[in-house]
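Q: Could you walk me through this structure and show me how to read its features?

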Amino acid sequence: MERSRLVFSGSGGQGVITAAIILAEAAVVYENLIAVQSQSYGPEARGGATRSDIIISDTEINFPKVTQPNILVCLTQESYTKYSPIVRPGGMLITDTRYVKTYKRVAARQKELPIYYSVMEKIGKPIVLNICTLGAVIALTGLVSPESIMKVIEKRMPPNFLNMNRDALYLGLNIGEDAK
Amino acid sequence: MSENIKFIQGNEACVEAALYGGLDFYAGYPITPSTEIAEHMAVRLPQIGGKFIQMEDEIASIAAIIGASLTGHKVMTATSGPGFSLMQEGLGYAVMAEIPCVIVNVQRGGPSTGLPTNVGQGDVMQAQWGSHGDYSIVAITASNNQDVFNMTVHAFNIAETYRTPVILLFDEVIGHMRERVDIPEKGEINLVERLKTQIKTGVDFHPYLPREDGRLPMSDFGGVHRYNVTGLAHDMWGFPTNDPQIVHGLLRHLVDKINNNVQEITRYKEYCMDDAELVLVSYGSTARSALHVVNNRRKRGERLGLLELQTLWPFPYSLVKEKCAKASYIGVVELNMGQVVQLVRNAVDKPERVFLINRIDGVFISPTDIRNTLRVIQGKGM
């Protein structure tokens, strides 16, 4: 497989780091791939710009950070402004229509997805925005299967929230499929 | 899928390895970027009947693990630069009283409180020279989470074998990065258990009288033997003494038990070293960036190699000298103003061929950073 370099960015509390961990863990534990996940830390627990880097490959990964993501996800205007210039030419830039107003063209496929609005309409709880985003990402990229993601969610998330997360994941898959 | 395959942070791998190695007592004061070690210890130790204590500061933390170790437990504490500075007094005491313990320092940018959330490797010299007086210490590092696991187990084994504090010098990148770790089955890695005295109750026990092989059997403090423990220079009973002959013997013993066993203690890895003209020497997270450069340059036919040091103290001078003997240039990659580079210069025949490749701004060094410095070293301009 081609090495995939992803950056998930947004605001603290949106769950972008959790989504990144779930994706990378699914790749390693259930798809027998090699993955490294890291994150830039700031002093804030909520708010502030958050960024998590994921590399997924079938060969050894040495340098663990991403300098030019071929898949960049931005869930806030601030993160879009900050990171959209680093997307790899020919890569993919995924933004949420509620949080990000795109204002320039980059040399990548731009996917402006109604993730927030769909989550609020179909599920009603913004807490699963990250899992819905993750669903859209794997639909667009085919990096790992939804079943592998679900296995990680079952292991990591409280059982009471399992159904909501499953719904969010499949909602995201549909959004991603529609945007292909 | 096997339950033994984990996708975890370096800090968590360190916790799992410590438990695998037999740890049952942890005292610490959480500090970024080592906090996850305390966090996971607090969850995991009660599950196995061990004890976790959050102390009021790092001075108390190291004091607590020293005491617990004396009573027969395998112990650890974890901190970062500022806490490591506070621990130096206790560290010296553990050296002098020969108390096995493991101290993790997940390095961040310094000096002082410095850059709490950013990476640094500035505590290499402090690990050996931070406490006062003459002594030798063991300091170990790792560049990936599987090695964090293996080196942590190794640290506990070294601590017990030589009755010494062992420092695990990790860094923020390794501590926070998640990757695959395969937890070995019980028995897959050999564990060194504490050598305990055979002397019976009521018979005099000399806590500092080495056996013929130089090792010192211990007796659980508060158990069946009464003995003294002190940071003062002491005789075989553990009582303070100024007798020059005894003091000389004690100091020699403290240093020799480490320095005479460099080969047993040293761990390292080498990549593409056989015909390397340009050797990169690195350790911890920066070895990953260096290996990235080596692999890429090799594809283009350039003869680069990497020597990754996993044991930093006692510094493996003869290993470095031997491995670098045929190199035209040596580049030491580290995140400080040049600490290991000095040691490498001392080790090799032509110190003028040793160059520093570093970053000191809290940003993790990238393969591009290394390539840019290599261009200068190779005379290709800026």
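A: Gladly, and keep in mind that this is a predicted model. Let us begin with how two domains of one chain meet: 30 residues of domain 1 of chain B are in contact with 20 residues of domain 2 of chain B.

Q: Which elements give two or more residues to the side of domain 1 of chain B that touches domain 2 of chain B?
A: They are β6 (115-119), α6 (124-129), β7 (138-140), α7 (145-162), β8 (165-171), α8 (172-176), α9 (244-259) and α10 (262-265) of chain B. The most comes from α6(B), with four residues. By class, this side of domain 1 of chain B holds 18 nonpolar, ten polar and two charged residues.

Q: How do I judge whether a whole chain is compact?
A: The idea is to set the radius of gyration beside the value that a globule rule gives for the chain's length. Chain B contains 14 helices and 15 strands. Its radius of gyration is 21 Å, close to the 21 Å that the rule gives for 382 residues, so chain B is as compact as a globular protein of that length. Along the principal axes, the C-alpha trace of chain B spans about 75 × 50 × 40 Å.

Q: What share of chain B is buried, and what share of its contacts joins residues 24 or more positions apart?
A: Of the 382 residues in chain B, 49% are buried. Among contacts in chain B with a separation of 6 or more, 75% join residues 24 or more positions apart.

Q: How should I read a strand?
A: In a regular strand, side chains alternate between the two faces of the sheet. Take strand β4 (residues 75-79) of chain B: five of its five residues are buried, so this strand is largely enclosed by the rest of the structure. On one side are B:Val75, B:Thr77 and B:Thr79, on the other B:Met76 and B:Ala78, and all are buried, which leaves both faces of β4(B) covered.

Q: Which strands pair with β4(B)?
A: Strand β2 (residues 25-28) of chain B runs parallel to β4(B) and is joined to it by two bridges. Here B:Tyr26 stands opposite B:Met76. Strand β5 (residues 101-109) of chain B also pairs with β4(B) in the parallel sense, over four bridges. In that pairing, B:Ala78 is opposite B:Val104.

Q: What can I check in a helix?
A: Helix α11 (residues 286-299) of chain B has 14 residues and reaches 21 Å from its first C-alpha to its last, close to the expected 20 Å. Next, look at burial: ten of the 14 residues of α11(B) are buried, and the helix is mostly covered. Among them are B:Leu291, B:Val293, B:Val294 and B:Arg297.

Q: Which elements do the buried residues of α11(B) pack against?
A: They pack against β10 (268-271), β11 (278-282), β12 (304-309), β14 (329-334) and α14 (367-377) of chain B. After α11(B) comes B:Gly301, with a positive phi near 85 degrees.

Q: How is chain A built?
A: Chain A has six helices and six strands, and along the sequence they follow the pattern β-α-β-β-β-α-β-β-α-α-α-α. The radius of gyration of chain A is 15 Å, close to the 16 Å that the globule rule gives for 180 residues, so chain A is as compact as a globular protein of that length. Of these 180 residues, 48% count as buried.

Q: Is A:Thr76 buried or exposed, and which residues does A:Thr76 touch?
A: A:Thr76 is buried, because 21 other C-beta atoms lie within 10 Å and the cut-off is 20 or more. This residue is in the loop between β4 (71-74) and α2 (77-83) of chain A. Leaving out residues up to four places away in sequence, A:Thr76 touches A:Gly10, A:Ser11, A:Tyr99 and A:Val100.

Q: How many residues does each chain give to the contact between chains A and B?
A: Chain A gives 19 residues and chain B gives 17. On the chain A side, α1(A) gives the most, with six residues.

Technical notes: Residues numbered from 1 in each chain as written. Chains lettered and ligands numbered in written order. Predicted model: local features only at pLDDT ≥ 70, side-chain atom pairs only at ≥ 80, totals over all residues. Contact = placed C-beta atoms within 7 Å. Nonpolar A, V, L, I, M, F, W, Y, C, P; charged D, E, K, R; others polar. Rg over C-alpha atoms; globule rule 2.2 N^0.38 Å. Buried ≥ 20, exposed ≤ 12 C-beta atoms within 10 Å, placed from the backbone. Pairing = 2+ DSSP bridges. Expected span 1.5 Å × (residues − 1).
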